[in-house]
Amino acid sequence: MVKKNTCVFISGQGSNLKNLIQQSRDYNFPINIKLVISNKKNAFGLNFAKINSIPYIIINTEIRNYENKIIYNLKKYKINFICLAGYMKIISKVFLKKYGKLIINIHPSLLPKFKGLNTFSRILKNKEKKTGCTVHYVNEKLDAGNIILQKSFYINSKDDEKILRIKTQRLEYKIFPEAIIKIFRNN
Ligand code: GRF
């Protein structure tokens, strides 16, 4: 199997990146992580790129046309699949036109519910019975692309935001690799 040359975009902790790096060591996992891009120079997740000798690039999104640098590097590393894993920046229309069908994102709610930020506080405020996470394709609308995979769990009355985050992320580490396998199953 020819693995997809993958770039993971991060902004923070990078625990999903860490998980995807581990999964990609499996011969049968459909992707290899060839590049990490962060829009934050102090993102903790960059450590996982460093430890694993994966090239990484820090992007200053304050600079005009910063996406040109991204596109240049995606070409340089022959990237043909992109995973957004906690990347806190909107992807532009121009970029989507070029890479749209190749970009997936993970979101910590049962989309279409609770798009955007502060998901856990809103979920609790809304007294939801269930929550979960979603892997979806990226389009020009926030957290609105076609859903690839979604998993849920019941919320316990004692769950606070911190616990919800932990439970959701535990599920994310399962669902992100499963979604990737699902995408490339027949390729
Ligand atoms: C994840 O919970 C993901 O759902 C959201 O951002 C978080 C990133 O966490 N989009 P990490 O950086 O992978 O630890």
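Phe81 is buried, at 3% relative accessibility; buried means under 20% relative accessible area, exposed over 50% and partly exposed in between, with a 1.4 Å probe and protein chains only. The model is predicted: local features need pLDDT of at least 70, side-chain atom pairs count only at pLDDT 80 or more, and totals for chains, interfaces and linings use all residues. Residues are numbered from 1 along each chain as its sequence is written, and side-chain values use heavy atoms, with hydrogens and water left out.

**Aromatic pairs**
- The model has five aromatic pairs. Rings of Phe, Tyr and Trp (its six-membered ring) pair if their centres lie within 6.5 Å; planes under 30 degrees apart are stacked, over 60 edge-to-face, the rest tilted.
- Phe81 and Phe184 pair edge-to-face, at 4.9 Å centre to centre and 75° between the planes.
- Phe81 sits in strand 4 (residues 81-84) and Phe184 in helix 6 (residues 161-184), so their pair ties together parts 103 residues apart in sequence. Helices (H or I, at least four residues) and strands (E, at least two) are DSSP runs, numbered from the N terminus.
- Phe184 is also buried, at 11% relative accessibility.
- One aromatic cluster consists of Phe9, Tyr87, Phe95 and Tyr99.

**Nonpolar cores**
- The largest nonpolar core has 35 residues; Ile33, Phe176 and Ile180 touch the most other members. Such a core is a set of buried Ala, Val, Leu, Ile, Met, Phe, Trp, Tyr and Cys residues joined through side-chain atoms within 4.5 Å.
- Helix 6 gives this core its largest share, seven residues.
- A second, separate core of 20 residues includes Leu35, Ile70, Leu84 and Tyr87.
- Beyond four places in sequence, Phe176 touches residues including Asn16, Leu20, Cys83 and Val135. Contact means heavy atoms within 4.5 Å.

**Ligand site**
- A side-chain N or O atom of Ser15 is 2.5 Å from a ligand oxygen atom.
- A polar backbone atom of Ile106 is 2.9 Å from a ligand nitrogen atom.
- A backbone N or O atom of Gln13 lies 3.5 Å from a ligand oxygen atom.
- The protein covers 84% of the 370 Å² of accessible area that the ligand has on its own (Shrake-Rupley method, 1.4 Å probe).

**His136**
- His136 lies in strand 6 (residues 130-137).
- His136 is buried, with a relative accessible area of 2%.
- Beyond four places in sequence, the contacts of His136 include Ile104, His107, Leu111, Asp143 and Asn146.

Conventions:
Polar contact = N/O pair within 3.5 Å; in protein donor to acceptor, adjacent residues only side chain to side chain.
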